[in-house]
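Open the model in your viewer and keep the selection tool at hand. The tour goes from single residues to the chain contact.

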Amino acid sequence: MTMQTNREQITTAPDGRPDSEQPRWRQDFPIDWAQDHYVARRDFTRFLVLTSLAFMVGQFWIVFQNFFRARRGALPIQRIAGVDELPIGGDLTFSYPGEHDQCVLVRLGEQSYAAFSRQCTHLSCAVVAEPDRRRFYCPCHEGAFDIASGSPIAGPPRRPLARITLDFRQGAIYATDVELRML
Amino acid sequence: MRRRFTREQKTTIIFGILCIVLILVMLQLWLLSATMNAYLGGDRSVIWPAALVSLGCFALNAGLLRYLFAIERTQP
């Protein structure tokens with residue numbers, strides 16, 4: 001009786017032919033199509049809610065990271081080089097504020113200097129200074145940034161390079177802070 | 001008394017829930033990428049509001065899933 005009831009719940013096969021005209025495999029293992037659609041949608045909804053949870057966790061991870069960034073305090077002041085050590089049009093790489101945070105200092109004119117993080121704002125590859133072409137170049141995805149402002153001028157990057165705040169004291173150049181920027 | 005739905009009605013309901021959940025998840029994805037971009041650019045003003053909106057979206061999704069479990073328990 002139970003078997004009979006279950007058979008009645010099985011709906012028409014996709015080709016629309018009656019059960020007796022269906023191939024043997026389908027007669028032996030009939031699929032309840034309506035139930036199949038129901039279960040598929042239900043399980044997909046469950047998966048999406050799990051995805052929603054993951055996105056929310058990601059969002060609160062940013063809050064968590066921001067909490068620690070806010071408590072970091074002032075960055076150290078670090079000597080980069082002497083004012084006359086770098087020729088006009090020259091560049092110098094240095095690490096600031098951490099040992100693995102690569103930065104680059106460029107001398108644009110007699111009294112004009114600029115320093116930026118070397119981390120490309122697209123996927124964090126190291127950019128290379130090209131003073132003769134007035135740009136920083138990222139070889140990974142052909143990205144380019146203006147050498148004076150650090151703004152993106154070509155390729156996939158959408159945010160400018162992080163600027164290193166400079167200070168000049170007693171004939172030397174010092175890095176004092178890292179300025180994250182939006183366009 | 002809890003209303004009982006037929007399987008066809010439940011399929012329609014679940015399809016409606018699926019559409020709403022899908023839209024909310026897409027909104028959360030956009031929110032996460034926009035917030036990440038702002039955070040990496042040094043803009044901290046959007047972090048908390050975006051997190052609260054994302055929490056709201058998840059709460060709504062979880063509520064809809066709970067309703068889905070509830071109608072599952074009712075037999076037609």
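Buried means under 20% relative accessible area, exposed means over 50%, and partly exposed lies in between (1.4 Å probe, protein chains only). This is a predicted model, in which local features need pLDDT of at least 70 and side-chain atom pairs count only at pLDDT 80 or more, while totals for chains, interfaces and linings use all residues. Residues are numbered from 1 along each chain as its sequence is written, chains are lettered from A and ligands numbered from 1 in the order in which they are written, and side-chain values use heavy atoms, with hydrogens and water left out.

**Stop 1: the cysteines**

Select Cys125(A) and Cys140(A). A disulfide (a pair of cysteine sulfur atoms within 2.5 Å) joins them, S to S 2.1 Å. The whole structure, over all chains, holds one disulfide. Its torsion about the S-S bond is -100°, a left-handed link. Cys125(A) sits in the loop between β4 and β5 (128-130) of chain A, and Cys140(A) in the loop between β6 (135-138) and β7 (143-146), so the pair ties together parts that are 15 residues apart in sequence. Strands here are DSSP runs of E, at least two residues, and helices are runs of H or I, at least four residues; both are numbered from the N terminus.

Colour the two ends by accessibility. Cys125(A) is buried, at 19% relative accessibility. Cys140(A) is partly exposed, at 41%.

Now pick Cys120(A). This cysteine is in no disulfide; the nearest cysteine sulfur belongs to Cys138(A), 3.8 Å away. Cys120(A) is buried, with a relative accessible area of 4%. Jump to chain B and pick Cys57(B). Cys57(B) is in no disulfide either, and the nearest cysteine sulfur, on Cys19(B), is 16 Å away. Its relative accessible area is 7%, so Cys57(B) is buried.

**Stop 2: Ser117(A)**

Return to chain A and centre on Ser117(A), in strand β4 (residues 113-117). Is Ser117(A) buried or exposed? At 14% relative accessibility, Ser117(A) counts as buried. Show its contacts (heavy atoms within 4.5 Å). Leaving aside neighbours within four places in sequence, they are Gln102(A), Cys103(A), Val127(A), Leu161(A), Ala162(A) and Ile164(A). Then find the backbone nitrogen of Gln119(A): a polar atom of the Ser117(A) side chain lies 3.1 Å from it.

**Stop 3: Arg163(A)**

Next, select Arg163(A), in strand β9 (residues 163-169) of chain A. Arg163(A) is partly exposed, at 27% relative accessibility. Draw a C-alpha to C-alpha line from Arg163(A) to Ser149(A): 8.4 Å in space, 14 residues in sequence.

**Stop 4: the chain contact**

Zoom out and show both chains. The contact takes 31 residues from chain A and 38 residues from chain B. Together the chains bury about 3400 Å², 68% of it on carbon and sulfur atoms. Buried area is the accessible area (1.4 Å probe) that two parts lose on being put together, summed over both.

On chain A, select Tyr38(A), Phe55(A) and Gln59(A). These lose the most area to chain B, together 20% of what that side buries. Next, highlight helix α3 (residues 33-70) of chain A, which gives the most to this side, with 24 residues.

How many salt bridges does the rule find across the interface? The count is zero, with a salt bridge taken as a side-chain nitrogen of Lys or Arg within 4 Å of a carboxyl oxygen of Asp or Glu.

Note on methods:
A polar contact is a pair of N or O atoms within 3.5 Å; within protein, one must be able to donate a hydrogen and the other to accept it, and residues adjacent in sequence count only if both atoms are side-chain atoms.
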